[in-house]
Amino acid sequence: MKPREKATTQQPVYRVALLGTKFMGKAHSQAYRNVNMYFSDAPKVEQAVICGRSPEETEQAREAFGWQEASTDWKAVVARDDIDIVDVSTPGNMHCEMVLAAAEAGKQIVCEKPLANTLQEAERMVAAVESAGVRHLLMHNYRRVPAVALAKRMVDDGRIGKIYHFRARYLQDWALSPGLELVWRFDAKLAGSGALGDLGAHVIDLGRYLCGEVAELAATSETFIKQRPVEAGSSEMADVTVDDAAALCVRFANGAIGTIEASRFAPGRKNHNTFEINGSKGSLTFDLENLNNLKFYSVDDQPDTQGFHEIIACSLGKHPYADNWWFDGHLLGYEHSFTHMIYDWLRALAAGGSTHPDFHDGLRNQRILDAAARASQSRSWEVVG
Ligand SMILES: NC(=O)c1ccc[n+]([C@@H]2O[C@H](COP(=O)([O-])OP(=O)(O)OC[C@H]3O[C@@H](n4cnc5c(N)ncnc54)[C@H](O)[C@@H]3O)[C@@H](O)[C@H]2O)c1
């Protein structure tokens, strides 16, 4: 990677083109905007161009999110010589085409999850970035929530011992109303799958991050509401072509076993991304709805005070990323995980390396999603390829 250099300072500057202007467009924009303010050792970024489909909305996003230019022609932007990083924050149906174009143009690439809508697309994307020799980052941002990064450190340091169980759920409730129109997330052509690839992909990634590779699995899924209005308020209906919920039973290569559940039909669960790990030396539990905290039970604690205790994972000098933000216990949020991802990515790029999760992780996650879809159909155990 040869970063662009500023004549006056000789510091590397990475100019970014962001494809997507809405939910993830905004989340990624704040990460690029904040990373140099809070992480003084981060290589410099410039928010060069934001791309969307509607000229008005894209211009509004440019102005609100701090980008230099707005464009509705992503292909022209990706081909520009003054762009170093292409960030793909569009729905899954566009990931493959955009990544292939960015790799062809020699850009470093950030892509939202899940990497692709199909296993075949994911394989093409990995082949393209490898043959182009460009770096790649997959935005499974929950790895960079400080409490999750702390959990990873504790697992790696052996503080949980040999892992027996990984038990994860990612539950939301926004799809409950039958009157909700057929947004892209209900359309397999645009989204690939439903709760499985949208929510399940995140906890599958956390399972691999914290416990290791998944060897085989059984799964089931269901579409509870089979048709929805084509538009808000319309009486015309169209088929929902994705799952509303999925449940996986997994065996890890290291002998641990686990369960993974994803649903958009869990009333009261707004963004309930939670896991529990049980090992020979203790247990860890995490819930994104209380994301600064990690609960830890140690078998070595004194018996009379033994129990789960709660770690507030934002103390200076003690916890991942904490030194760059506020004083002890001043708490972080969802958006900080994106800034941490971009920070690690920029530092890796400047050092000529890369960071995880990358597209290889995305391909492994996709193999699990693919095996889960197969298992759900076959109602039998499937080996993860
Ligand atoms: N990491 C996370 O926590 C997280 C959360 C939500 C979504 N996602 C992922 O982010 C991606 C985007 O989801 P979202 O919620 O931001 O969607 P969204 O509907 O809010 O925004 C999609 C954006 O893509 C743009 N777009 C779509 N097709 C395009 C095209 N052909 N050319 C140019 N722009 C195009 C739209 O204009 C819009 O700006 C998906 O892959 C999704 O799974 C990740």
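The second largest pocket is lined by 27 residues, and Gly 192, Ser 193, Leu 196, Asp 243 and Ala 373 lie nearest its centre. The model is predicted: local features need pLDDT of at least 70 and side-chain atom pairs count only at pLDDT 80 or more, while totals for chains, interfaces and linings use all residues. Residues are numbered from 1 along each chain as its sequence is written, and side-chain values use heavy atoms, with hydrogens and water left out.

- On a 1 Å grid over the protein atoms alone, a pocket is an open set of points with protein on both sides within 12 Å along at least five of seven lines, a cavity is a set where a 1.4 Å probe fits but cannot get out, and lining residues have an atom within 4 Å of a point.
- A volume is the space filled by probe spheres set on the points, which are joined across faces, edges and corners.

**Second largest pocket**
- Its volume is about 480 Å³.
- Helix α10 (359-378) gives the largest share of the lining, seven residues; helices are DSSP runs of H or I with at least four residues, and strands are runs of E with at least two, numbered from the N terminus.
- This pocket lies between domain 1 (4-141) and domain 2 (147-329 + 359-383), because both give residues to its lining; the domain bounds come from an automatic or database assignment.
- The lining has 11 nonpolar, 13 polar and three charged residues (Ala, Val, Leu, Ile, Met, Phe, Trp, Tyr, Cys and Pro count as nonpolar, Asp, Glu, Lys and Arg as charged, the others, Gly among them, as polar).

**Largest pocket**
- The largest pocket has a volume of about 1100 Å³.
- Its lining has 45 residues, with Ser 89, Thr 90, Pro 91, Trp 184 and Arg 185 the closest to its centre.
- Helix α4 gives the most to this lining, five residues.
- By class, 18 lining residues are nonpolar, 19 polar and eight charged.

**Cavities**
- Residues lining the largest cavity include Cys 314, Trp 325, Trp 326 and His 330.

**Nonpolar cores**
- A nonpolar core is a set of buried Ala, Val, Leu, Ile, Met, Phe, Trp, Tyr and Cys residues joined through side-chain atoms within 4.5 Å; buried means under 20% relative accessible area with a 1.4 Å probe, protein chains only.
- The largest core has 49 residues, and Phe 166, Leu 217, Leu 248, Phe 275 and Phe 286 have the most contacts inside it.
- Helix α8 (residues 195-211) supplies the largest share of this core, 10 residues.

Terms used:
Buried < 20%, exposed > 50% of the residue type's maximum accessible area, 1.4 Å probe, protein only.
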